[in-house]
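Please keep the model in view while reading.

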Amino acid sequence: MQTELLKVSGMTCGGCISTVTHALQAVAGVGDVKVSLSAGEAAVQFDERLTSSEQLKAAVKDAGYGVDAVGMAKEPKGKGCCCG
Ligand SMILES: [Cu+2]
């Protein structure tokens, strides 16, 4: 297992946290997921034999949020919040 820290943009409430958390947990091989709204980050523990950080990022994007690896953060430009 390894842990990837993703920078997630567009999260504004607890509903966003659960949307992102569930999207990541739906990826095969993902274990523990910890999403921080204030930091705009998701710490994802995953089995590198089953998935990759690219798939984790794709899952976050599919859920409607922006994502970047830490250190490559850009301005938020996601589709916006689950709560409008
Ligand atoms: Cu929200």
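## Strand pairing around S3

In this predicted model, Ser-36 has Glu-41 of strand S3 as its bridge partner, and Glu-41 is also the bridge partner in S3 of Lys-7. Strands S2 and S3 pair in the antiparallel sense over five bridges, and they form a hairpin in which four residues lie between the strands, with Gly-40 in the turn adopting a positive phi of about 65 degrees. S3 also runs antiparallel to S1, to which six bridges join it.

In a regular strand, side chains alternate between the two faces of the sheet. The covered face of S3 carries Ala-42, Val-44 and Phe-46, whereas Glu-41, Ala-43 and Gln-45 make up the uncovered one.

## Nonpolar core

The largest nonpolar core comprises 18 residues, and Val-20 and Val-44 are among those with the most contacts inside it. Strands S1 (2-9), S2 (30-36) and S3, together with helices H1 (14-25) and H2, each give two or more residues to this core. Leaving out residues up to four places away in sequence, Val-20 touches Val-8, Met-11, Val-35, Val-60 and Tyr-65.

## Cysteines

Cys-16 is buried, because its relative accessible area is 0%, while Cys-13, at 21%, is partly exposed. A search of the whole structure finds zero disulfides.

## Asp-47

Asp-47 lies in the loop that runs between strand S3 (41-46) and helix H2 (53-62). Asp-47 counts as buried because its relative accessibility is 10%, and, apart from neighbours within four places in sequence, Asp-47 is in contact with Met-1 and Gly-29.

Definitions and conventions. Residues are numbered from 1 along each chain as its sequence is written. This is a predicted model: local features need pLDDT of at least 70, side-chain atom pairs count only at pLDDT 80 or more; totals for chains, interfaces and linings use all residues. Side-chain values use heavy atoms; hydrogens and water are left out. Buried means under 20% relative accessible area, exposed over 50%, partly exposed in between (1.4 Å probe, protein chains only). Contact means heavy atoms within 4.5 Å. A nonpolar core is a set of buried Ala, Val, Leu, Ile, Met, Phe, Trp, Tyr and Cys residues joined through side-chain atoms within 4.5 Å. A disulfide is a pair of cysteine sulfur atoms within 2.5 Å. Two strands pair if DSSP finds at least two bridges between them.
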